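Here are my notes on the model, point by point. Please read them with the structure open.

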Amino acid sequence: MSNCDQVRKWLDCLNHKQTRIIQTDWRPVDLHTHSYETVSYDSATKTLLEVLTCPKERVAIHLTAKEEFIRQTADSRIQGGVENIKTLVFVHTKKMGKYLVDSLKQEGYKAAFHSADLDKKARNKLEKKFRDDLDILVATSTLAWGVNLPARNVIIVGDQRGLQTVDPMDIAQMAGRAGRFGMYERGDVFLIGCNLQSSFQI
């Protein structure tokens with residue numbers, strides 16, 4: 001939270017007890033971040049999803065991919081470092097989200113798009129479906145805050161929304177969906193075309 005001190009003072013006034021801010025980088029589940037530069041976000045994202053979700057016997061074909069990060073991810077999956085379980089893909093425009101889901105469906109993936117355009121009932125239904133049997137959910141940042149929807153893997157596609165750089169807190173919240181205590185031993189965050197220095201730090 002960016003306004004921790006403001007909340008602390010509010011709680012002090014509210015309950016007349018001293019409130020303290022505790023800052024820690026401890027996390028119950030290890031979070032592993034992977035950053036990749038690319039000019040073709042949609043193509044890189046689809047290829048990465050293929051590596052993350054294809055049957056394990058098909059992973060080896062990606063060991064010869066021209067992109068180094070695809071080869072590294074394929075090798076990591078073969079070594080057991082990345083599992084093909086529940087992947088959230090965060091995009092920063094509805095146009096990109098709809099395009100990505102349409103492309104994934106055409107290639108046989110079970111994928112859906114979550115955004116603020118859906119009413120509450122439809123969003124709840126989609127979130128339940130992701131918990132149950134949907135392996136890929138593409139979403140805008142509305143899913144990053146205040147929703148208990150953990151995933152094994154998170155892909156963040158770029159760090160620009162129009163001409164604006166996405167708020168670092170939004171990026172951190174998106175990344176925080178990866179891994180959940182009691183469900184996964186680790187979480188992996190794949191940053192496609194994000195500038196780590198200016199937009200994201202864990």
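1. Contact here means heavy atoms within 4.5 Å. By that criterion, and leaving aside neighbours within four places in sequence, His32 is in contact with Arg186, Gly187, Asp188 and Val189. His32 sits in strand S1; helices (H or I, at least four residues) and strands (E, at least two) are DSSP runs, numbered from the N terminus. His32 is partly exposed, with a relative accessible area of 30%. The classes are buried, under 20% relative accessible area, exposed, over 50%, and partly exposed in between (1.4 Å probe, protein chains only). Lys17 is 15 residues from His32 in sequence, yet their C-alpha atoms are 38 Å apart in space.

2. On the basis of the work: this is a predicted model, in which local features need pLDDT of at least 70, side-chain atom pairs count only at pLDDT 80 or more, and totals for chains, interfaces and linings use all residues. Residues are numbered from 1 along each chain as its sequence is written, and side-chain values use heavy atoms, with hydrogens and water left out.

3. The sheet is open and has six strands. Their order is S1-S8-S5-S2-S4-S3, with parallel pairing. Two strands pair if DSSP finds at least two bridges between them. Strand S1 (30-36) and S3 are the edge strands, each pairing on one side only. From one strand to the next, the twist averages 20 degrees.

4. Look at S5 and S8 within that sheet. They run parallel and are joined by five bridges. Ile156 stands opposite Leu191 in S8. In general, strands of a sheet pair through backbone hydrogen bonds, either parallel or antiparallel.

5. Helix H5 (residues 120-132) lies across strand S2 (87-90), S3 and S4. Its direction is at about 140 degrees to S3. Axes are lines fitted to C-alpha atoms, for helices over the stretch in contact, and angles run from 0 to 180 degrees between N-to-C directions.

6. What makes up the largest nonpolar core? It has 28 residues, of which Leu48, Val89, Val91, Leu104, Ile136, Val138 and Ile155 touch the most other members. A nonpolar core is a set of buried Ala, Val, Leu, Ile, Met, Phe, Trp, Tyr and Cys residues joined through side-chain atoms within 4.5 Å. Elements that each supply at least two residues include helix H3 (68-78), helix H4 (94-106) and strand S4 (136-139). Helix H2 gives the largest share, five residues. A second, separate core of 23 residues includes Leu126, Leu143, Ala144 and Met174.

7. Beyond its neighbours within four places in sequence, its contacts include Thr45, Leu49, Leu100, Ile136, Val138 and Ile155.

8. The whole structure holds 11 salt bridges. Each is a side-chain nitrogen of Lys or Arg within 4 Å of a carboxyl oxygen of Asp or Glu. Arg58 pairs with Glu50, the closest N and O atoms being 2.8 Å apart. Arg58 is partly exposed at 41% relative accessibility, whereas Glu50 is buried at 15%.

9. Further salt bridges are worth checking. Asp188 bridges to Arg186, with closest N and O atoms 2.7 Å apart. Asp188 counts as buried, at 0% relative accessibility. In helix H5, Asp132 and Lys128 lie four residues apart, about one turn of the helix. Their side chains meet in a salt bridge (2.7 Å, N to O). Asp5, Arg8, Lys9 and Asp12 are linked in a network of salt bridges.
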